[in-house]
Amino acid sequence: MIFHNLRSIREDRDIRQKDIAEYLHVSQNTYSQYETGVISLTADVLIRLSDYYHVSIDYLLDRTNNPRINK
């Protein structure tokens with residue numbers, strides 16, 4: 001499963017895959033495979049990406065179009 005929101009939020013903010021990969025302590029190739037769904041996102045990676053972008057995990061997983069985090 002390709003995660004369109006995960007890719008689009010990165011591109012909208014002009015962030016390179018390499019930069020996110022470094023933040024997550026993974027290779028650029030691994031991060032690319034997260035975006036394309038080749039490798040499943042772990043809970044830890046989802047939480048870190050959600051915190052980095054200040055968006056909900058549901059938004060990152062394309063479960064909603066609303067990036068807002070519900071508290």
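Author: We'll go through those features one by one, starting with the ground rules. This is a predicted model, so to speak of local features we need pLDDT of at least 70, side-chain atom pairs count only at pLDDT 80 or more, and totals for chains, interfaces and linings use all residues. Residues are numbered from 1 along each chain as its sequence is written, and side-chain values use heavy atoms, with hydrogens and water left out.

Reader: Which residues of helix α1 are buried?

Author: Two terms come up here. Buried is under 20% relative accessible area, exposed is over 50%, and partly exposed is in between (1.4 Å probe, protein chains only). Helices (H or I, at least four residues) and strands (E, at least two) are DSSP runs, numbered from the N terminus. In α1, residues 4-12, the buried ones are Asn5, Leu6, Ile9 and Arg10. Look down the axis of α1 and these buried residues fall within an arc of 130°, so they line one face of the helix; the arc is taken over the directions from the helix axis to the C-beta atoms. On the other side of α1 you find His4 and Asp12, both exposed.

Reader: What do the buried residues of α1 pack against?

Author: Contact here means heavy atoms within 4.5 Å. The buried residues of α1 pack against α2 (17-24), α3 (28-36), α4 (43-53) and α5 (57-60). After α1 comes Asp14, with a positive phi near 55°.

Reader: And which residues of α4 are buried?

Author: Those are Val45, Leu46, Leu49, Ser50 and Tyr53. Seen down the axis of α4, they fall within an arc of 130°, so they line one face of the helix. Their packing partners are α1, α2, α3 and α5. Just after α4, His54 has a positive phi of about 60°.

Reader: What does Leu49 touch?

Author: Leu49 sits in helix α4 and counts as buried, at 0% relative accessibility. Leaving out residues up to four places away in sequence, Leu49 touches Leu6, Ile20, Leu24, Tyr31, Leu41 and Leu60.

Reader: Which residues of the largest nonpolar core touch the most other members?

Author: The general idea is that in soluble globular proteins, nonpolar side chains tend to be buried together. A nonpolar core is a set of buried Ala, Val, Leu, Ile, Met, Phe, Trp, Tyr and Cys residues joined through side-chain atoms within 4.5 Å. The largest one here has 17 residues, and Leu6, Ile20, Leu24, Tyr31, Leu41, Leu49 and Tyr53 touch the most other members. Elements giving two or more residues to this core are α1, α2, α3, α4 and α5, and α4 supplies the largest share, four residues.

Reader: How many aromatic pairs are there?

Author: Rings of Phe, Tyr and Trp (its six-membered ring) pair if their centres lie within 6.5 Å; planes under 30 degrees apart count as stacked, over 60 as edge-to-face and the rest as tilted. A search of the whole structure turns up three pairs. Tyr23 and Tyr52 make a tilted one, 4.7 Å centre to centre with 45° between the planes. Tyr23 lies in helix α2 and Tyr52 in helix α4, so the pair ties together parts that are 29 residues apart in sequence. Tyr31 and Tyr34 have ring centres 6.3 Å apart and planes at 90°, so that pair is edge-to-face. Tyr31 and Tyr34 are both buried.

Reader: What lies over the face of Tyr23?

Author: A charge sits over a ring if NZ of Lys or CZ of Arg is within 6 Å of the ring centre and within 35 degrees of the ring normal. Here Arg48 lies over the face of Tyr23, 4.5 Å from the ring centre.
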